[in-house]
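Visitor: I'm new to this one. Can you put it up and walk me through a few spots?

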Amino acid sequence: GVAASGAYSVKVTVGGCTSAVGTTTATVTGLVVPSVSIAADPGTSLCGGTVVTFKATPANEGSSAGYQWKKNGVDVGSNSPSYSDGGLVNGDQISYVLSSSAACATPSKVTSSVLTMTVQPTPAAPLVSNNGPICAGATLQLSASAVAGGSYQWTGPNGFVSSQQNPTLANA
């Protein structure tokens, strides 16, 4: 290990006569173990179409020869500590490979932990309608198409809000 670094001396004895001391200095360099961690902003669980910025933090890379982003094993960007993607789908795997040219790097390439993305599809805009035109004072009926598992948030004039799928507004 590194503790073996230092000066080594030797002398030779022949027939009872001893030589002068010869000295050499040895340097043992510690192993460079490249590592890298990646983070996703705004996270690994998101809605479709969200732009995600991945950032890599290399550590102990020594003399780095290159960096490579991969999406599902395919190269998507290189020699940059960040990568952005707005076209992610559920199950995409993002990784970052650090190639080190340090003399004592082991192994020569290290892949970060793979981030697996959870991407929920963005629902289509609901189809909406109303029972208008109506006369003042009548009941306005609003309706939105059913979306499985969906919740609704209506807004409208005069501070109107509703979380019903098909709200009504009496005395419109």
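Visitor: Is Ala124 buried or exposed?
Guide: Ala124 counts as exposed because its relative accessibility is 65%; exposed means over 50%, buried under 20%, and partly exposed in between (1.4 Å probe, protein chains only). This is a predicted model, where local features need pLDDT of at least 70, side-chain atom pairs count only at pLDDT 80 or more, and totals for chains, interfaces and linings use all residues. Residues are numbered from 1 along each chain as its sequence is written, and side-chain values use heavy atoms, leaving out hydrogens and water.

Visitor: Where does Ala124 lie?
Guide: In the loop between β14 (118-120) and β15 (128-130). Strands are DSSP runs of E, at least two residues, numbered from the N terminus.

Visitor: And what does β15 pair with?
Guide: With β16 (residues 140-144), antiparallel, over three bridges. Two strands pair if DSSP finds at least two bridges between them. Ser129 has Ser143 in β16 as its bridge partner.

Visitor: Which sheet is that, and in what order?
Guide: An open sheet of three strands, ordered β15-β16-β19 with antiparallel pairing. β15 and β19 (168-169) are its edge strands, each pairing on one side only.

Visitor: New topic. Which residues in the largest nonpolar core touch the most other members?
Guide: Val52, Phe54, Trp69, Leu88, Ile94, Tyr96 and Met117, out of 17 residues. A nonpolar core is a set of buried Ala, Val, Leu, Ile, Met, Phe, Trp, Tyr and Cys residues joined through side-chain atoms within 4.5 Å.

Visitor: Which strands each supply at least two residues of this core?
Guide: β5 (35-41), β7 (52-59), β8 (64-71) and β11 (93-100).

Terms used
Helices (H or I, at least four residues) and strands (E, at least two) are DSSP runs, numbered from the N terminus.
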